[in-house]
Amino acid sequence: MIHNQELEQINSETVTRKTLKEITAPVSENLSEFRTFFKDTIRSDVFLLDQIINYLLRQKGKELRPTLVFMTANLFGDINNRSYIAATMIELLHTATLIHDDVVDEADSRRGFVSINKIWKNKAGVLLGDYLLSKGLLIALENKEHKLLEVQSRAVQAMSEGELRQLKTAGLFNMTEDRYFQIISEKTASLISTCCECGAVSVTDDEDIHSLMREIGMCIGIAFQIRDDLFDYGVYDIGKPTRNDIQERKVTLPLIKAFEHAPKRKSAHIRALMKKRKKSSKNVDEIVDFVHENGGMEYAKQAMYDYANKALDSLNAVPDSPAKQDFADLIHFVITRKK
């Protein structure tokens with residue numbers, strides 16, 4: 001237990017690397033109960049729909065979002081039925097957006113499985129996403145959880161705006177650092193922020209606490225997305241490089257900063273390579289080397305630490321408890337995960 005001490009700031013020397021199992025241990029029983037709650041919520045008597053849902057349920061992710069809900073609830077009270085409703089609503093929303101994203105991106109796989117749109121075609125994917133969104137609305141209304149619905153509706157709006165903003169920026173190929181942070185705040189961090197806010201809403205009516213956790217969640221979400229963007233360039237302890245963003249012509253923070261540091265002629269050459277719809281492995285390697293050589297990775301990694309530390313600074317306002325250290329460990333996990 002922590003006694004009246006500030007949480008230690010994160011850097012490459014102080015960051016801890018616990019496994020996902022270790023991180024989720026304090027809420028493992030809650031997550032198990034949540035899975036049953038979630039399955040019962042989305043069951044359908046429509047044969048095709050139930051068949052697709054059964055396939056969907058096999059694709060278990062990290063469950064970061066329900067973990068955030070439960071760990072936040074533990075900071076200020078006891079996990080209760082409202083906490084399960086909040087986590088289920090968020091998971092329904094998150095899953096629906098992933099399915100719709102796969103349709104838009106014409107993705108062939110998700111979490112190691114063939115994507116739903118690939119097996120059952122785009123129409124089924126869109127309809128399943130719509131079904132999950134409607135289930136989220138219904139569970140809120142049936143339980144008169146208007147506050148949770150309000151918070152999550154704001155997240156849906158922000159996520160949609162972020163997607164459209166990124167679409168426009170990608171087309172013009174004019175991504176700046178300010179635009180980048182605005183887009184990831186809307187697209188990714190808004191939902192993670194909502195997880196923390198809804199976890200607080202489920203156990204307390206104190207709006208100052210709601211606001212505090214919303215801000216903490218936003219910082220965690222931004223750090224989370226920067227970590228994702230580092231995966232594409234595969235350095236340090238980042239894990240297996242994906243190169244997806246490079247192939248899809250997405251300009252993220254490491255590349256933005258490298259452009260700023262590199263000679264104009266070299267930057268122009270790399271921009272031309274990034275614009276190519278089909279890149280050879282040599283093209284990709286050249287882009288990766290460019291980012292490494294021009295400070296993009298170090299800058300992005302430091303930005304990730306900075307946002308994680310902002311979250312920890314704000315978390316210092318929360319009374320000391322074992323749950324507070326558990327939450328701090330979760331922040332460490334977000335910026336050290338390998339996938």
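Guide: Helices are DSSP runs of H or I with at least four residues, strands are runs of E with at least two, and both are numbered from the N terminus. The model is a predicted one, in which local features need pLDDT of at least 70 and side-chain atom pairs count only at pLDDT 80 or more, while totals for chains, interfaces and linings use all residues. Residues are numbered from 1 along each chain as its sequence is written, and side-chain values use heavy atoms, with hydrogens and water left out.

Visitor: At what angle do helix α12 and helix α13 pack?

Guide: Axes are lines fitted to C-alpha atoms, for helices over the stretch in contact, and angles between N-to-C directions run from 0 to 180 degrees. Helix α12 (residues 264-275) and helix α13 (residues 281-293) meet at about 140°, and their axes are 10 Å apart. Angles under 35 degrees count as roughly parallel, over 145 as roughly antiparallel, 65 to 115 as roughly perpendicular, and the rest as oblique. The pair α12 and α13 is therefore oblique.

Visitor: Is Ala272 buried, partly exposed or exposed?

Guide: Buried means under 20% relative accessible area, exposed over 50%, and partly exposed in between, with a 1.4 Å probe and protein chains only. Ala272, which belongs to helix α12, is partly exposed because its relative accessible area is 44%. Its C-alpha atom is separated by 19 Å from that of Gln166, 106 residues away along the chain.

Visitor: How many salt bridges are there?

Guide: A salt bridge is a side-chain nitrogen of Lys or Arg within 4 Å of a carboxyl oxygen of Asp or Glu. By this rule there are 16 salt bridges. One of them joins Asp108 to Lys118, with the closest N and O atoms 3.6 Å apart. That pair links distant parts of the chain, ten residues apart: Asp108 is in the loop between α5 (81-105) and β1 (109-110), and Lys118 is in helix α6 (residues 116-142). Asp108 is partly exposed at 45%, and Lys118 is also partly exposed at 45%.

Visitor: What do the side chains of Glu163 and Lys187 form?

Guide: Glu163 and Lys187 meet in a salt bridge of 3.7 Å, N to O. Because Glu163 lies in helix α7 (residues 146-172) and Lys187 in helix α8 (residues 177-201), this pair ties together parts 24 residues apart in sequence. Arg165 and Glu186 form a further salt bridge, at 2.8 Å from N to O. Arg165 is in helix α7 and Glu186 in helix α8, so this contact joins parts 21 residues apart in sequence. Arg165 is partly exposed at 30%, whereas Glu186, at 12%, counts as buried. Salt bridges with shared partners also join Glu150, Arg154, Glu197 and Arg214 into one network.
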